[in-house]
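Thanks, everyone, for making the time this morning.

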Amino acid sequence: MAGSSILRWRDGRGWLVLSGARGESSAVRGQALGRAAADGGIAYVTLGDHDGWSDHTLADMDGLGAPPGYVVDALTEDDQTLSALLADAGIILIEDGPDVEVLRSGLMGAAAAGIQTAFENGAVVLVEGLAAMVFGAWVAKSAGQLLPGLGWLENALVLPGVTSVTQSELAQNVLREHSAAIAVGIGMGSALALGPDGEVEAWGQRQVTVALGSDYTNPKGD
């Protein structure tokens, strides 16, 4: 795991960018383009193409001067094709969606393997909205039940669209139950960007907040 201070994330030569929401995201997307390697196209990862996400996103990225890209539907591609399409990308932009469990299911397995390969090779992995939660340690179902996430951000509950984790009941419950947990709130139009050399940056509107479990605030158990 790479890390800086309290945050630890997956090793790789690329950038992991967790964006609070797909709305108002052009500034974050523009910064992601600026960090991308020269080679490799953009893989636009959809999980059902909600509300015409791929068309809107391709138009937005084209307006930002993005290089050519291609749409990958993680719910319909066969595993071999899915992994190969993602592994060769220079930027992977992952769709927000209305159902975090569908996002979690679609981003596991072959999709996760392809994303990991691209990230190790230097790709920027930009994950928007509820999909960003999947890259933490836990995914919260609508009833509040926790499921394992992909674990790219270690011990973290990622809360997209939340500007103050201290006011999130879900965050407070997780921090009480898991003393080593970290809750990360990322507001709309903002992103937490994690780089290959331990860089930790707030992008866009920079509304990123962090709350810590008791292991950090009381490390000796006093």
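I will go through a helix, then a pair of helices, and then a single tyrosine.

Please keep in mind throughout that this is a predicted model.

Let me begin with helix α3, which spans residues 79-87 and whose buried residues are Leu-82, Leu-86 and Ala-87. These residues cover an arc of only 120° around the axis, and therefore they lie on the same side of α3. What do the buried residues of α3 pack against? They pack against the strands β4 (42-46), β5 (69-73) and β6 (91-94), and also against helix α5 (110-120). At the start of α3, the backbone nitrogen of Gln-80 has a side-chain oxygen of Asp-78 within 3.2 Å.

Turning to the pair, the axes of α1, residues 26-35, and α2, residues 53-63, come within 11 Å and cross at roughly 65°, and this crossing is right-handed. On the α1 side the contact is made by Ser-26, Arg-29 and Leu-33, while α2 contributes Trp-53, Thr-57, Asp-60 and Met-61. Sorted by class, the contact has three nonpolar, two polar and two charged residues.

Finally, consider Tyr-44, which sits in strand β4. Is Tyr-44 buried or exposed? Tyr-44 counts as buried, because its relative accessibility is 2%, where the cut-off for buried is under 20%. Leaving aside residues up to four places away in sequence, Tyr-44 touches, among others, Trp-53, Thr-57, Met-61 and Leu-93. Tyr-44 and Leu-93 are 49 residues apart in sequence, yet their C-alpha atoms are 5.0 Å apart in space.

Conventions:
Residues numbered from 1 in each chain as written. Predicted model: local features only at pLDDT ≥ 70, side-chain atom pairs only at ≥ 80, totals over all residues. Heavy atoms only, no water. Buried < 20%, exposed > 50% of the residue type's maximum accessible area, 1.4 Å probe, protein only. Helix = DSSP H or I, 4+ residues; strand = E, 2+ residues; numbered from the N terminus. Arc of directions from axis to C-beta. Contact = heavy atoms within 4.5 Å. Polar contact = N/O pair within 3.5 Å; in protein donor to acceptor, adjacent residues only side chain to side chain. Axes fitted to C-alpha atoms, helices over the stretch in contact; angles between N-to-C directions. Left-handed = near helix turned anticlockwise from the far one by under 90°. Nonpolar A, V, L, I, M, F, W, Y, C, P; charged D, E, K, R; others polar.
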